[in-house]
Amino acid sequence: MTIRISDDAAALACGADAVAEAFAKAGRTAERVSSWGMHWLEPLVEVDGIGYGPVMPDRVGDILAGRADDLRIGAVAEHPFIKSQQRLTFARFGKTRPLSLDDYAATGGWKGLERARALGADDTIAEVLASGLRGRGGAGFPAGIKWRTVADAPGPRKFIVCNADEGDSGTFADRMVMEGDPFMLIEGLAIAGLAVGAGKAYVYIRSEYPHAIAKMEAAAALASPIIAPFEVEIRTGAGAYVCGEETSLLNSLEGKRGEVRAKPPLPAHEGLFGCPTVINNVLTLAAVPFVLAEGAKAYADYGMGRSRGTMPVQLAGNIRHGGLYEIAFGITLGALVNEIGGGTASGRPVRAVQVGGPLGAYVPVSQFDLPFDYEAFAAADGLIGHGGIVVFDDSVDMARQARFAMQFCAVESCGKCTPCRIGAVRGVETIDRLMAGGRTRGAVENLPQIHNAPRRKRAAEDEVALLRDLCETMKFGSLCALGGFTPYPVLSALNHFPEDFVVESAAEGNAA
Amino acid sequence: MRDDRLADIIAAHHNREGALLPILNDVQAAFGCVDEDTVRALAAALNLSRAEVHGVVSFYHDYKAKADPRPVLKLCRAEACQARGVEALVAEAERAAGERVHIETVYCLGLCAIGPAAMTNGQVHARLDGDRLATLIEAL
């Protein structure tokens, strides 16, 4: 009898360790594997391929005695949530022990690196280019072009930097990769190093992910003879969201304040310690071993338009079947939320979904036919970002969410550029005034010297106009995506849910 | 003894490129804060100005100027946990914590489909409701 329980943080948070202990007490050893990504079923117990979940320790005896039919979900691999996916990056999840080199090698591990070594640097880059793989961190920049730029840049030292500062709410795919299949990420790093001529990689992991840090450190040590002379070093962040921005991350790695750098120079020309640097997201690098092992065409056959391959979508928030769902680009948002996600966990109607983290737009149900694709989302004034989808039911107050977006930006701004540093604070104030129904003129504005100032009270619609103006300034004037994209949640809330921004008491009283 | 420990931490990372953050992470973990004396010592050891070290220390949320001896519960209050009702738990949690436990707001623990989520002493907890949160706080 093979018993498998995940040791992913999501499973641990739901009590997987206590369940494993209960099996140990019953004289059975549970194999600790990566997570299938069906988070609503965690702790998920797999007994000879048959799944039970969510399992509490007091039900372990029932499972062993065959009395747990209420928890039984059938064969895990045949579950509709798993069966309907196209898992390329997450192919091993649920099946292998994260830190077992044997498991990794037995499931096709290191094949990509071997092929890259046989192909050589130029052809490896050509392969990545042909796969159409784009940066999964959010910007969607073609990985192959970035690699080519670094390969062509002159310099005695070059670096690979893996951005594992996954701070966006609603995203956990990077965490799952690092905790569930760390060797895949290390293989991706080694391939990137070989392709561009870099000798060392840094993986910058946020401090909120202690489990991922521990697994990656262990994996880097275990894999070092295989990837040698290439080196991988794990670095830990210190709680700054903005360090997920690539240039800010580079400053942080150098031991400086995590302030954004102006571009140019691009990191590909002058990155870490002034050297040409490839900086890619975890998911981008994790997709590389498949591209090399199976060939560019096998990857590019998935997807739509210019978005090739698959996207590990993260279904989160108020959703019944939340978890990791890897699928080719092109699936509609509605299918992801309603058919796969099963609607809200609360049972109430879906009102809005935020796609792409705290800087992503709030999408109303009327736009659920939007296909998951970089260009389609950009055309609808949104972004797919890192692929996180946060579902809200009809109890959500969109004005409050818009205010939160500004407040978050104010808290996390690095302070380098004015539109973000000051604009976010002014944004919070403007939304507060708007929700208070506008403001009366202050003493100074009423002085006779200020003769061109309007005398009437500033109404709510004037505040809306101010807010839109501010959003435009932030969008086009900020140095990086933090200030530049904060207008997305704010404006989308304002445009799609204007009824939430109307204050009843503000209708009357426009006295002079 | 404290000075010895600081010297050990500096020595462990001294030869790394960009050593300041790894050192500060260890200092924060060892002493619960990065105080003024430590800033001076680090500036001297790494040949940086005090202003440079202070700038870095004050930039990152994880580094505290003063040690707080109270136990900490890190509560995620980002959008995904908001959608799952964390805001309704905050007042009750703060009541349960009182002055004894420090409730720190964090933005995202990566447990976004099973929130509300919290972290205590490196352990993660999910699917929190008022009772479970109060139990967690009392156990600290």
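Author: Start with domains: their bounds come from an automatic or database domain assignment. By that assignment, chain B is divided into domain 1 (2–59) and domain 2 (72–139). Their centres, taken over C-alpha atoms, are separated by 31 Å. This is a predicted model, in which local features need pLDDT of at least 70 and side-chain atom pairs count only at pLDDT 80 or more, while totals for chains, interfaces and linings use all residues. Residues are numbered from 1 along each chain as its sequence is written, and chains are lettered from A and ligands numbered from 1 in the order in which they are written.

Reader: Into which domains is chain A divided?

Author: The assignment gives domain 1 (3–83), domain 2 (101–300), domain 3 (303–393) and domain 4 (398–506) of chain A. The C-alpha centres of domain 2 and domain 3 of chain A lie 25 Å apart. Their contact takes 19 residues from domain 2 of chain A and 20 residues from domain 3 of chain A. Two residues are in contact if their C-beta atoms, placed from the backbone, lie within 7 Å.

Reader: Which helices of chain A each supply at least two residues on the domain 2 side?

Author: Helix 9 (173–180), helix 13 (282–294) and helix 14 (296–300) of chain A do. Helices here are DSSP runs of H or I with at least four residues, strands are runs of E with at least two, and both are numbered from the N terminus.

Reader: Why is A:Gly180 called buried?

Author: Count its neighbours. A residue is buried if 20 or more other C-beta atoms, placed from the backbone, lie within 10 Å of its own; with 12 or fewer it is exposed, and in between it is partly exposed. A:Gly180 has 28 C-beta neighbours inside 10 Å, so it counts as buried. A:Gly180 lies in helix 9 of chain A. Leaving aside neighbours within four places in sequence, A:Gly180 is in contact with A:Asp8, A:Ser34, A:Ser35, A:Phe93 and A:Pro98.

Reader: Are A:Trp110 and A:Phe273 buried or partly exposed?

Author: Apply the count again. A:Trp110 has 21 other C-beta atoms within 10 Å, so it is buried. A:Phe273 has 13, so it is partly exposed. Now the backbone. Most residues other than glycine have a negative phi, and most peptide bonds are trans. A:Trp110, not a glycine, has a positive phi of about 70°. A:Phe273 also has a positive phi, near 50°. A:Trp110 lies in the loop between helix 5 (101–106) and helix 6 (111–119) of chain A.

Reader: How do you know that the buried residues of helix 7 of chain A are on the same side?

Author: The buried residues in helix 7 (residues 121–131) of chain A are A:Thr124, A:Ile125, A:Glu127, A:Val128 and A:Ser131. They cover an arc of only 155° around the axis, which puts them on the same side of helix 7 of chain A. The arc is that of the directions from the helix axis to the C-beta atoms. An α-helix has 3.6 residues a turn, so residues three or four places apart point the same way. Helix 6 and helix 13 are among the elements of chain A that the buried residues of helix 7 pack against.

Reader: What leaves one side of strand 8 and of strand 9 of chain A without a neighbour in the sheet?

Author: The sheet is open, with four parallel strands in the order 8-7-6-9 of chain A. Strand 8 and strand 9 of chain A stand at the edges, each with a single partner strand, so one side of each is left without a neighbour in the sheet. Neighbouring strands are turned by 20° against each other on average, direction ignored.

Reader: What makes strand 6 and strand 9 of chain A a pair?

Author: Two strands pair if DSSP finds at least two bridges between them. Five bridges join strand 6 (residues 159–164) to strand 9 of chain A. Five passes the cut-off, so they pair. A:Ile160 stands opposite A:Val278 in strand 9 of chain A.

Conventions:
Axes fitted to C-alpha atoms, helices over the stretch in contact; angles between N-to-C directions.
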